[in-house]
Amino acid sequence: MTGPEGPVEAAFFDGMTARRWAARIAPAPDGLSLVILREGAAPLSWRFDRLRALADESDATRLTLTVLAETEDEAPRDPARLVVTDPAAVAWLLRTRPGLMRRDLRAGTFRKVALWLGGAVAAVVMMLYVILPGLADYLAEHLPRETEVAFGRSVMRQVEWIVSDESGADLACTDAEGLAALDAMKARLVGERDLGYEIELRVFDHEMVNAFAAPGGQVVIFRGLIDEAESAEEVAAVLGHEIGHVVARDPIRLTLRAVGSAGILSLILGDVTGGTVIAAAGEHVLQTSYTREAETAADAFAYRLLNEAGISSEPMAGFFDRIAKMTDLLPEYLSSHPLSAGRAEAARVNAAAQTATAPVLNAAEWQALRGICKD
Amino acid sequence: MSFNDRLTASYSGGRGPLFGLAFRTALLTLLTLGIYRFWAKTRIRKYIWSSIRLGGDTLEYTGTGLEKFLGFLVAVVVLAVYLGLVQLVLFYFGLHFVVEPQTEAEILMQMSVFYLSFFALVPLMLFARYRARRYMLARTRFRGIRFGMDKAAWGYVWRAIGHGILTFLSLGLLLPRQTFWLEKYKTDRSHYGDTRFVQGGKWTALYPAMRGYFLGFALLVASIVYIAMSRLGSADRIAVAQFLPLGLLAVFGFGFVYYRVHSFRYLTAQKTLAGAVGFLALPRTGRVLGIYIVGALVVGLIVSFIFGVIGGVFAVSVAAAENGATPGAGSIVIIAALYLVALAMLGALALVFIIQPVIAHFTETMTVLNPAALDAVRQRAHDAGADAEGFADALDLGAAV
């Protein structure tokens, strides 16, 4: 359309009807605009500096043109389209009109994106860290005790069923003298205190160095923890810690929190490559941030029980020192518990303030407890 | 009106350009931690839409990555609130029905009851599906004229749930009824410009499309009867029973594609644009199955070759480490990066060798009757598109394209 051949054929759609118009196009004499001529319609003139082409079209030999216009459409474009297929014209347009592929963001787009992004992040963070935990705590407070106990029993059944699947045998240890020693320890710790729950205490025959509390007063200590402990006081401190969870209703509270936030992170990541792994990791960090404060509170409760019962917390410090090698591999924000090094320090500080202490079990009882799983 | 005039569509997209576009945008998606995926999908759609031609004119996709991104943000907030509250409250009330389980079956049942909150998502998924279709139509133009769809997503949701339950209760026998009425609901609310699509026909006419399923069912019954009646030893019976699932999977897989293809044929032939423009679709089950099987083989071969190379690099670096050279975090990072790149390539290859050929086949077997009547269609108003498919993206319903 630049050369001596004169105007070039093109197809035109006016954006008002689906009719395909045969058009001829040529630059205006002043060179500032493109003139579109049709039979039976007035000539149109599109200014070159407002001329735009569609991007990512599959056919490189044609060019679909439109014009920059303030419309309410998804992009600021006039609905009319001009399809140029003449090779010389396509080449000329691409060569001499560098602005053809411009994006033309509306004014205020960046502000809008920043606002929406900030709002969305704030809403999700608010949901995960304020609303869901608050609601979970509220519901946990208002759950009838009988329901919590029934749920705890159901959870314990599931745990037994899953764990015993591997070993095939009943896990609970039943040595009579060992159970008596365990009872003595519980009585010494709890005393006359009303905890609001019947503590159902059991030892599972498993090598894991761990203990846990299920909702409604179910407390389990694994044999591995008793083997690892060097004195009865260490086991008593752990027991006090788990009772602290029971009294604070932590198991049901944390279950409700986990249920509420499940799946929200994977929602955000969607179908990103490797998104599932990132979502799982994120969920882990979220859960552990929920639990660390609960752990610290349970530690404090354990010290109260120990102090009132006159049991030394000094051995506990040694216990934390020993397991620190295993537990402190991860930084604290990735871990469900506070770092063992810090907990050892807290146990030592508490012990320094303790006055008169007496052993929680006598030597014979401690030996019986160590043999609770010998049957 | 003359349905003797007809125009068959064609598809002009190429493998190389689409692979280049898909792979480049997938890499950008990786580099931006997933944020670019809205722009990536938009650009790929622009390419594919512009490859679909009818009488020399192509479709145009006018969606933008930005509006998809913003729609996604809205959807995430709504879903986070909904999911969080619904899951929590359902679980809380579920707790009141917990009793101590006595048998393994009861334990399993109680564990699974707590996953029921998944069903709370079903209405949202259906909602998202309708809205995604509405968005796609609202962002598709032909000869400068917009397609569009009415705002009627909730009506679709309860209908789809009702039909789904009926189909389930009838053991699948009412599937044609579900397919027909849901397609009619969507079609009757779709427009090209100011002109409405109309879905004609009747649902019972879809039963011939169920042939593959019936064949699979007959085969299942026949094999069970054969195994039960024959005087095979128990060892032989087990051998036969082991092959049975595989055979059934193949037959029902064929039945699935056959139903999709032939219900599409019937429903398309019964559609008109306000009675003036008709359609004819003749896709073939064999061709579609062939594309999937050959495509999967080709993609599998290429990807296993690439992963083989990565494995080789890994083996070499391990060997180097054993020889005393420092193993270094560097080589691990390189391997992880290669792994992600290979995954991105897998997506691009699947698009080029499976999805695009299927779209091309459906396009090239599509004929428009009386296309001259299209000239009378007038423009329709812009549809803001609401969440721009955000719900479908967040719920992972979005297909590759």
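Me: Which residues of the largest nonpolar core touch the most other members?

Reply: In soluble globular proteins, nonpolar side chains tend to be buried together. In this predicted model, the largest nonpolar core holds 98 residues, and A:Leu256 and B:Tyr192 are the ones that touch the most other members. To this core α3(B) gives the most, with 13 residues.

Me: What is B:Tyr192 in contact with, leaving aside its neighbours within four places in sequence?

Reply: With those neighbours set aside, the contacts of B:Tyr192 include A:Ala18 of the other chain, together with B:Phe142, B:Ile145, B:Phe147, B:Leu273 and B:Val377, and also the arginines B:Arg143 and B:Arg146. A second, separate core has 46 residues, among them A:Tyr197, A:Leu306, A:Ile323 and A:Ala344.

Me: How many residues of each chain are in contact across the interface, and what area is buried there?

Reply: On the side of chain B there are 68 residues in contact with 59 residues of chain A, and the area buried between the two chains is about 5,800 Å², with carbon and sulfur atoms giving 64% of that area. Of the area that chain B buries against chain A, B:Leu88, B:Tyr92 and B:Leu95 supply 11%, more than any other three residues.

Me: How many salt bridges and polar contacts are found between the chains?

Reply: The rule finds 8 salt bridges across the interface, and 23 residue pairs, both at pLDDT 80 or more, are in polar contact. B:Glu60 forms a salt bridge with A:Arg81, in which the closest N and O atoms are 2.7 Å apart.

Conventions
Residues numbered from 1 in each chain as written. Chains lettered and ligands numbered in written order. Predicted model: local features only at pLDDT ≥ 70, side-chain atom pairs only at ≥ 80, totals over all residues. Heavy atoms only, no water. Contact = heavy atoms within 4.5 Å. Buried area = accessible area lost by both parts, 1.4 Å probe. Salt bridge = Lys/Arg side-chain N within 4 Å of Asp/Glu carboxyl O. Polar contact = N/O pair within 3.5 Å; in protein donor to acceptor, adjacent residues only side chain to side chain. Core = buried A, V, L, I, M, F, W, Y, C linked by side-chain atoms within 4.5 Å. Buried < 20%, exposed > 50% of the residue type's maximum accessible area, 1.4 Å probe, protein only. Helix = DSSP H or I, 4+ residues; strand = E, 2+ residues; numbered from the N terminus.
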